[in-house]
Amino acid sequence: MAPRVPRSFGAFIGKRGFHMNRWSDRPPEVQRLLNPSFCSMLLWYSARGHAEASRGREGIAFEECFLVLPMVLHRETRESLPPRTRTSLPVWLGRNPLAPSTIADRARSLIPFTKEALLFAGAYEVIHFDQTTIRANPVWRSRMDLALEDSSEEVRSCAKSAEFVGKWFGKTGNSETILSLLGVRP
């Protein structure tokens, strides 16, 4: 994926803010990579990882969901993630000093796609919304795992990284700290 997705590919700015283009008006690359079903799967894995890190006590913060796609879909960022959550987010950022600016830029570009994925996942009950958090619906576990079995290595890598990011965020602290470290404002 390009470091920044032009808004005209999937969304446009109208009088009332962002609006998504019709599905048929989106380029094939955007239809494949940023489709709500795939992005919902990534958010589900991230929410599941977050719950695992917090021993099921809390879901992933709503605002943290907007960091998952920018970190997971960009190959260089995904491949630079540490292998274990023992490496803290500040340490990783010290090793990857350009990450905050690129992640923040991609996060802004992917806002409409993340919103679309959240709406899709909520409509199909893939995720559950609490007051300020999102939880993975455990009923979908076997379906998600089955979908990954028939997927490419890159799709499996994205899902594994999404789960890692969820765990990492769960161990890092509150969402304000995470957003601040990555240079993103809500």
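## Pocket, helix packing and one histidine

The residues lining the largest pocket divide into four nonpolar, three polar and eight charged. The structure described here is a predicted model.

The largest pocket has a volume of about 300 Å³. Its lining is made up of 15 residues, and Pro 82, Pro 83, Lys 160, Ser 161 and Phe 164 lie nearest the centre of the pocket. Two helices, α5 (75–80) and α10 (153–172), each give at least two residues to this lining. The largest share comes from α10, which supplies eight residues.

The chain as a whole holds eleven helices and five strands. It has 186 residues, and 45% of them count as buried. Among contacts with a separation of 6 or more in the chain, 71% are between residues 24 or more positions apart.

Helix α4 can be looked at in more detail. Nine of its eleven residues are buried, so α4 is largely enclosed by the rest of the structure. The buried residues of α4 are Glu 64, Cys 65, Phe 66, Leu 67, Val 68, Leu 69, Pro 70, Met 71 and Val 72. Here, buried means under 20% relative accessible area.

Helix α4 (residues 62–72) packs against helix α8 (residues 111–123) at an angle of about 115 degrees, and the two axes are 9 Å apart. The crossing of α4 past α8 is right-handed. The table lists the residues that make this contact.

| Helix | Residues in the contact |
|---|---|
| α4 | Phe 62, Cys 65, Phe 66 and Leu 69 |
| α8 | Ile 111, Phe 113, Thr 114, Lys 115 and Leu 118 |

By type, the residues of the contact between α4 and α8 divide into seven nonpolar, one polar and one charged. An α-helix has 3.6 residues a turn, so residues three or four places apart point the same way. Cys 65 and Leu 69 are both in the contact on the α4 side, and both are also buried.

Leaving aside residues up to four places away in sequence, His 128 touches Thr 133, Ile 134, Arg 135 and Asn 137. His 128 and Trp 44 are 84 residues apart in sequence, while their C-alpha atoms are 9.7 Å apart in space.

Key
Residues are numbered from 1 along each chain as its sequence is written. This is a predicted model: local features need pLDDT of at least 70, side-chain atom pairs count only at pLDDT 80 or more; totals for chains, interfaces and linings use all residues. Side-chain values use heavy atoms; hydrogens and water are left out. On a 1 Å grid over the protein atoms alone, a cavity is a set of points where a 1.4 Å probe fits but cannot get out, and a pocket is an open set with protein on both sides within 12 Å along at least five of seven lines; lining residues have an atom within 4 Å of a point. Grid points are joined across faces, edges and corners, and a volume is the space filled by probe spheres set on the points. Helices (H or I, at least four residues) and strands (E, at least two) are DSSP runs, numbered from the N terminus. Ala, Val, Leu, Ile, Met, Phe, Trp, Tyr, Cys and Pro count as nonpolar, Asp, Glu, Lys and Arg as charged, and the others, Gly among them, as polar. Axes are lines fitted to C-alpha atoms, for helices over the stretch in contact, and angles run from 0 to 180 degrees between N-to-C directions. A crossing is left-handed if the near helix is turned anticlockwise from the far one by less than a right angle, and right-handed if clockwise. Contact means heavy atoms within 4.5 Å. Buried means under 20% relative accessible area, exposed over 50%, partly exposed in between (1.4 Å probe, protein chains only).
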